[in-house]
Amino acid sequence: MTEEEGMPDEGVGSVGVEQPPPPADAVPPSASDRPRGWRQHTDVLGSASALLATTVVTSGLGFIYWALAARLYSQRAVGLGSAAISVMTLLGTIGMAGLGTVLIAELPLRPVGRARLVAAGLLASAGVSTVLAIAYVLIAPRLSNPLGLLISQPGRAGLFVLGVALTGSILVFDQATLGLQLSGLQLWRNAIFSIAKIALLVVFSVTLHDELGLGILESWIWGTALSMLLLGVVMRLRGMPVAHRPQWSLLRGLGRTTLAHNWLNIAVQGPRLLIPVVVTAVVSASAGGAFYAAWTVVGFLFILPTHLSTALFAVASADRPAMARKTRLTLRVSLVVGLCGSAVLALGAPLILALFGRSYAHEATVPLQILTLAYLPMIVKTHYVAAARVRRRIPRAAGVMVVWGVLELGAAAWGGHVGGLVGLSAWFVAAMVVEALTLAPMVWSVATADQRVGART
């Protein structure tokens, strides 16, 4: 079997594949000739549904994971463990070097060589992530903070480096499956990961006795490793080749694009990953544990517009004329479904957090209720990023997101300093609202572009 006949090229549809141009006298299809209703949006909804299916599985099991962690470990250990995971994820995100996002757009446009391109992307992200992790473990213990103590020993430092490398490569893999239209693979991997880390969490609660959250960190890292190994078994059983020789030359022409996407990815995801670290540093490790419970719960809500905008980017990259129509769809779905979810989450906050423990409900209920107010700004932010990617305005969008990311973190730190968890949540939401007001005009312009063109003609 040739490389082009292997897993990454099977099942890839014609979305985004270059087609010969239509004849000059071809008549464009009229609105009446287009599929009506939801049928015309099966591309976006299909990709988003696969992502949401993954989220339903991982979020449900993730909720069980953190609720169980709250019962098995001290609140301080949960705070430190969650902060360490956030740092590990941030370093892995930076280590992706923008390759995951680039693969979403590039893979549908390549009739051959996709498997080797993905293999090169996975190894490149693992290498960059490893370098970043080594730099971090050399610096962090010198800062005399609890996170530094967690990885101060050589064995723990090596484990952390492994975790960052795995995180960088697996994040690229998950995004590559979208470009290959094989998102079922990432559903399998995330399901395996979620189940494995719960089992390991219980095991390490018995075998490891510490107040630094090491058991939580190790369950996350080894769960990631197991998910990759077992996914390989699943792929083999389905007749899909697993190992492919990387072709590094395929990455050379993507250098500037990957750097631009990586800059934007870090600017967007950095504040979300660093907020738990800010809580631990500004308030306390114990407060960090309570806040992370609220942050995890509200993250389930934020994932809807994130997935919809990701699917929008994947589809509109290959069909830019449909951008406005698809944007209106994802905005409507985000608003209707998300606002209902926000109301349920705000009203049920005490009961939901009580599953973590009484102290979690006592400390984090009001912060969680405040954080649900960030949902509308999150819709605007995620759609702004998707529009910037499709329009190739990535450097400008990255600069904007960097400025707002710094302001988000600064507002959260100030709020935590003067008002604890409630103040931190309120100031963070306030920053998000102001940010959304500045980004909304571009989103509106994208969503109504076809209507303005139609009005002029």
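Predicted model: local features only at pLDDT ≥ 70, side-chain atom pairs only at ≥ 80, totals over all residues.
1. The chain has 16 helices and zero strands. Residues are numbered from 1 along each chain as its sequence is written, and side-chain values use heavy atoms, with hydrogens and water left out.

2. Burial and surface. Of 457 residues, 55% count as buried. Buried means under 20% relative accessible area, exposed means over 50%, and partly exposed lies in between (1.4 Å probe, protein chains only). The chain exposes about 19,700 Å². Carbon and sulfur atoms supply 68% of that area. Areas come from the Shrake-Rupley method with a 1.4 Å probe; for residues, only the protein chains shown count as cover.

3. Contacts along the chain. Take the contacts with a separation of 6 or more: residues 24 or more positions apart account for 83% of them. A contact means heavy atoms within 4.5 Å.

4. Helix 2 covers residues 75–95. Its end C-alpha atoms are 30 Å apart, which agrees with the 30 Å that its 21 residues should span at 1.5 Å a residue. The expected span is 1.5 Å times one less than the number of residues. Helix 2 is mostly covered, with 19 of its 21 residues buried. A97 follows helix 2 and has a positive phi, near 55 degrees.

5. Helix 2 against helix 8 (residues 214–237). The two axes come within 8 Å and cross at roughly 35 degrees. Axes are lines fitted to C-alpha atoms, for helices over the stretch in contact, and angles run from 0 to 180 degrees between N-to-C directions. Helix 2 contributes A77, V78, G81, A84, I85 and M88. Helix 8 contributes I216, L217, W220 and I221. By class, this contact has nine nonpolar, one polar and no charged residues. Ala, Val, Leu, Ile, Met, Phe, Trp, Tyr, Cys and Pro count as nonpolar; Asp, Glu, Lys and Arg as charged; the others, Gly among them, as polar.

6. Helix 12 (residues 323–354) against helix 15 (residues 394–447). They pack at an angle of about 120 degrees, with their axes 7 Å apart. That makes helix 12 oblique to helix 15. The cut-offs: under 35 degrees is roughly parallel, over 145 roughly antiparallel, 65 to 115 roughly perpendicular, and the rest oblique. M323, A324, T327, R328 and L331 of helix 12 meet V443, V446 and A447 of helix 15. The classes here are six nonpolar, one polar and one charged.

7. Helix 14 is largely enclosed by the rest of the structure, because 15 of its 16 residues are buried. From first C-alpha to last, helix 14 reaches 23 Å, close to the expected 22 Å. Just after helix 14, R392 takes a positive phi of about 60 degrees.

8. V385 lies in helix 14 (residues 375–390). V385 is buried, at 7% relative accessible area. Leaving out residues up to four places away in sequence, V385 touches L264, V268 and M401. V385 and L264 are 121 residues apart along the chain, yet their C-alpha atoms are separated by 8.2 Å.

9. G158 sits in helix 6 (residues 154–179). G158 is partly exposed, with a relative accessible area of 38%. From G158 to I134 is 24 residues in sequence and 8.4 Å in space, C-alpha to C-alpha.

Technical notes. Helix = DSSP H or I, 4+ residues; strand = E, 2+ residues; numbered from the N terminus.
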